[in-house]
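Dear colleague,

Please find below the structure that I am handing over to you.

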Amino acid sequence: RIGAEGLPVKHGENILLADAPADFAAQIAALFAAPATAARIGAAGRELVRAKFGWETVNGIFEGYCRQACELGKRRNKLV
C-alpha cells in the first residue's frame with residue numbers, strides 16, 4: 001500500500017493492494033481465477049493512468065506553468 005500512497009487509486013477498482021508477500025500472491029491468484037475481474041481492473045487502471053498522467057494531461061499542466069511564468073515575468077518587467 002505504501003507504494004500507492006498519494007496516487008488517486010481505489011483498491012479493487014483500478015488497483016489491487018497488498019502489504020505482505022502472501023497477500024500479494026493471493027491477489028495475483030485471485031486475478032488468474034477471475035479473468036473478467038482482471039480485465040476490468042486492468043482497463044480501469046490503464047484509463048486512470050491515461051487520464052491523470054498521460055502526455056496530453058501532463059503537457060497541459062506544464063503549459064499552464066509556462067504561461068504563469070511568462071505572465072509573472074511580464075508583470076515584473078512593467079514594475080521596473
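Helices (H or I, at least four residues) and strands (E, at least two) are DSSP runs, numbered from the N terminus. The model is a predicted one, in which local features need pLDDT of at least 70 and side-chain atom pairs count only at pLDDT 80 or more, while totals for chains, interfaces and linings use all residues. Residues are numbered from 1 along each chain as its sequence is written, and side-chain values use heavy atoms, with hydrogens and water left out.

Overall form

The protein has three helices and zero strands, and its elements run α-α-α from the N terminus on. Its radius of gyration (taken over C-alpha atoms) is 20 Å, whereas a compact globule of 80 residues would have one near 12 Å; that globule rule is 2.2 Å times the number of residues to the power 0.38. Along the principal axes, the C-alpha trace spans about 65 × 25 × 15 Å.

Of the 80 residues, 9% are buried, where buried means under 20% relative accessible area, exposed over 50%, and partly exposed in between (1.4 Å probe, protein chains only). The accessible surface comes to about 6600 Å², by the Shrake-Rupley method with a 1.4 Å probe; for residues, only the protein chains shown count as cover. Carbon and sulfur atoms hold 63% of that surface. A contact means heavy atoms within 4.5 Å. Among the contacts with a separation of 6 or more, 47% are between residues 24 or more positions apart.

The segment before α1

Both I2 and G3 lie in the segment before α1. I2 is exposed, with a relative accessible area of 69%, and G3 is exposed as well, at 70%. I2 is 16 residues from A18 in sequence, and their C-alpha atoms are 9.3 Å apart. For G3 and A18, which are 15 residues apart along the chain, the C-alpha separation is 9.9 Å.

Helix α2

Helix α2 covers residues 35-53. The expected span of a helix is 1.5 Å times one less than its number of residues.

Which residues of α2 are buried? They are I41, G45 and L48. These residues cover an arc of only 60° around the axis, so they lie on the same side of α2; the arc is that of the directions from the helix axis to the C-beta atoms. In general, an α-helix has 3.6 residues a turn, so residues three or four places apart point the same way. The cover over the buried residues of α2 includes α1 (21-33). On the other side of α2, P35, A36, R46 and R50 are exposed.

Cysteines

A search of the whole structure finds zero disulfides, a disulfide being a pair of cysteine sulfur atoms within 2.5 Å. C66 counts as partly exposed, at 33% relative accessibility.

Yours sincerely
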